[in-house]
Amino acid sequence: MVLIRAEIILFILNELTKIKPELDYKHLTLIGHSNGGDMAALFTNQHPNLVYKLITMDNRRMFLPRTSVPKIYTLRSNDYPADEGVLPNEQEQKKYYMTIQRTLINHNHMDNKGTDEEKKTLSDFVLKYLAEDKLQ
């Protein structure tokens, strides 16, 4: 099911380039929570040349690409561990400049069910990641 959904991302991207060619497709950032994060990770694994940044929020099954390009960030919940191999080990994190951010937020609060404070925490991290290359 995730594979089919990842191909939908490619379909939508191809359609968007036809109807909105003026958009900046060289800096595509994918953001997804849970299964959406798995779909975004799978798409990035399959099409790394199309993605500029990947931001996942507690994806649990699809391994994050082990690469420094595109840039990889993930926000992690405090209550659901990812499957083995999904997250990079410390050596991989350093080698590829990947950001693994642990939070005190429950998995099911990483969407619109979270408190205002939780939403702000997640939003602040995402905005930081989006602006990161502008600071360098």
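**Salt bridges, pair by pair**

Okay, let's start with arginine 66: its relative accessibility is 25%, so it counts as partly exposed. For those categories, buried is under 20% relative accessible area, exposed is over 50%, and partly exposed is in between, using a 1.4 Å probe and protein chains only.

A quick word on the background. This is a predicted model, where local features need pLDDT of at least 70 and side-chain atom pairs count only at pLDDT 80 or more, while totals for chains, interfaces and linings use all residues. Residues are numbered from 1 along each chain as its sequence is written, and side-chain values use heavy atoms, leaving out hydrogens and water.

So, who is arginine 66's partner? Glutamate 92: they form a salt bridge, with the closest N and O atoms 3.2 Å apart. That term means a side-chain nitrogen of Lys or Arg within 4 Å of a carboxyl oxygen of Asp or Glu, and by this rule we get six salt bridges. Glutamate 92 is partly exposed too, at 23%.

Next, arginine 76 and aspartate 58 form a salt bridge, their closest N and O atoms being 3.5 Å apart. Arginine 76 is in strand E3 (residues 71–76) and aspartate 58 in the loop between strand E2 (53–57) and E3, so this pair ties together parts 18 residues apart in sequence. Strands here are DSSP runs of E, at least two residues, and helices are runs of H or I, at least four, numbered from the N terminus. Buried or exposed, this arginine 76? Buried, at 1%, and aspartate 58 is buried as well, at 0%.

Last pair: lysine 113 bridges to aspartate 111, closest N and O atoms 2.8 Å apart. Lysine 113 is exposed at 53%, while aspartate 111 is partly exposed at 24%.
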